[in-house]
Amino acid sequence: MTDLLWQKAGVETNAKIMKFLAGDDVLLDREFFLHDILASKAHVEGLAHISVINAQELQDLKRELDTLADDFRAGQFVLDERYEDGHSAIEARLTERLGDAGRRVHTGRSRNDQVLVATRLWLKEKLAALEAHCRAIAEVCLQRAAQPALPLPGYTHLQRAVVSSTAMWFAGFAEGFIDNAWRARQTSAWVDANPLGTAAGYGVNLPLDRAHTTQALGFSRMQVSPIYAQLSRGKFEMAAMESLGSAMLDARRLAWDLSLFTTAEFNFVMLPAEYTTGSSIMPNKRNPDVVELIRASYATVAAARCEIEQLLSLPSGYQRDLQFSKGSLFHGVTHGLAALELLPDLLARMQWNETAMRAAIEPAMYATDVAIEQAAAGVPFRDAYRAAAQAAAEAGQGRTPETSLAARTSPGAGGDLQVEVLRQRLAALAS
């Protein structure tokens, strides 16, 4: 391992202790490394503004930071066990190439605000990806909701309840993912605060140009209080996980529906072949493994969020416990986004089995229509309810799924889906 940034003369380090302290940090930092380099460029520009480094040193540092980023992308520079973490790797590289100029790069900052700013930049990127995935899912759902509606049993308590339709099913998930996209954007706006320049949580005795780093890194505002910058670590990450979790909740319920609908007992849905896998022993099987793992993915996201929450039983100021939040954040976010990315194509290409769905519509499912029609004619609803219940078996006489749906004119129901209203909400995200 390279020389430790914090090494003191006369103090020996123990390899086992160092391995425990470092953990997976240097590996995880590969995900955040380019953001750390970007923040380092903004930081050295700020140092030049207050004459801590001169113009030549600034030019040299920015050149070497760009070269380091290029080498990292090309695989010519690898973060590995030679380094304690990504932050120390940047300083070691700059010192190796530039000597004293490299040793000045850490002036006025701490690894605390380094990890904060790199994580914020990463979170903004991932929340943008979350919004994009949710918008793509909603778009496919709206397209399919606008297609001719096929009859689909509507269930409560997993029992056949009323007549529904494929258009209503798709419209429901469309609205859910539109809301999820808005939530991702709103969360990103809240996370969009620059912590660089707060150092270890108490500021420094330099007039750091924090306004410059805020603008240079594309943040909408500066996180003013150094103490709050430390208090917000984990809190902002949890907010991002909650936003992702909201989308994954809808994905889980959608996957549950498809898990049921693809069974032989329902036989409502046929999945594209590449979204299924075979059995290792049963030659006749094609299993909806992708759908099942999308359903399970909420657990990964929720567990990551929970782990971060449990780490936050801490006093103010930085505590090393927070190091473990990085792995939870990375694994939860990357897994959740990977699951969501599969949904648009899956939803676009899945096929409904109209024959099976029609066969599952039974006469009693029109009983609610009968009761409400009588109530609309002046019969007290509770009396109409009892009468419809007694004659439920005959409720379907002279009725079809299409007439039932067309008569359902309450806003959002089968006769008035208001898909255009949902499309306008989705379009507003692009403006």
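Predicted model: local features only at pLDDT ≥ 70, side-chain atom pairs only at ≥ 80, totals over all residues.
**Salt bridges and a helix pair**

Reader: Got it. Which residue does Asp100 meet in a salt bridge?

Author: A salt bridge is a side-chain nitrogen of Lys or Arg within 4 Å of a carboxyl oxygen of Asp or Glu. Here Asp100 meets Arg103, at 2.8 Å from N to O. Both lie in helix 5 (residues 100-103), 3 residues apart, about one turn of the helix. Helices here are DSSP runs (H or I, at least four residues), numbered from the N terminus. Arg103 is exposed at 52%.

Reader: How many salt bridges does a search of the whole structure find?

Author: It finds 30. One of them joins Arg135 to Glu131, with the closest N and O atoms 3.2 Å apart. These two sit in helix 6 (residues 111-145), 4 residues apart, or about one helical turn. Glu131 is buried at 9%, while Arg135 is partly exposed at 27%.

Reader: What about Arg358 and Glu354?

Author: Their side chains meet at 3.0 Å, N to O. Both belong to helix 13 (residues 354-359), again 4 residues apart, about one turn. Arg358 has 33% relative accessibility and Glu354 has 31%, and each counts as partly exposed.

Reader: Now helices. At what angle do helix 10 and helix 12 pack?

Author: Two packed helices are described by the angle between their axes and the distance between the axes. Helix 10 (residues 235-261) and helix 12 (residues 325-349) pack at about 40°, with axes 10 Å apart. Axes are lines fitted to C-alpha atoms over the stretch in contact, and angles run from 0 to 180 degrees between N-to-C directions. That makes helix 10 oblique to helix 12, since under 35 degrees is roughly parallel, over 145 roughly antiparallel, 65 to 115 roughly perpendicular and the rest oblique.

Reader: Which residues make the contact?

Author: Contact means heavy atoms within 4.5 Å. Among them are Met241, Leu244 and Ala251 of helix 10, and Gly336, Leu340 and Leu343 of helix 12.

Key
Residues numbered from 1 in each chain as written. Heavy atoms only, no water. Buried < 20%, exposed > 50% of the residue type's maximum accessible area, 1.4 Å probe, protein only.
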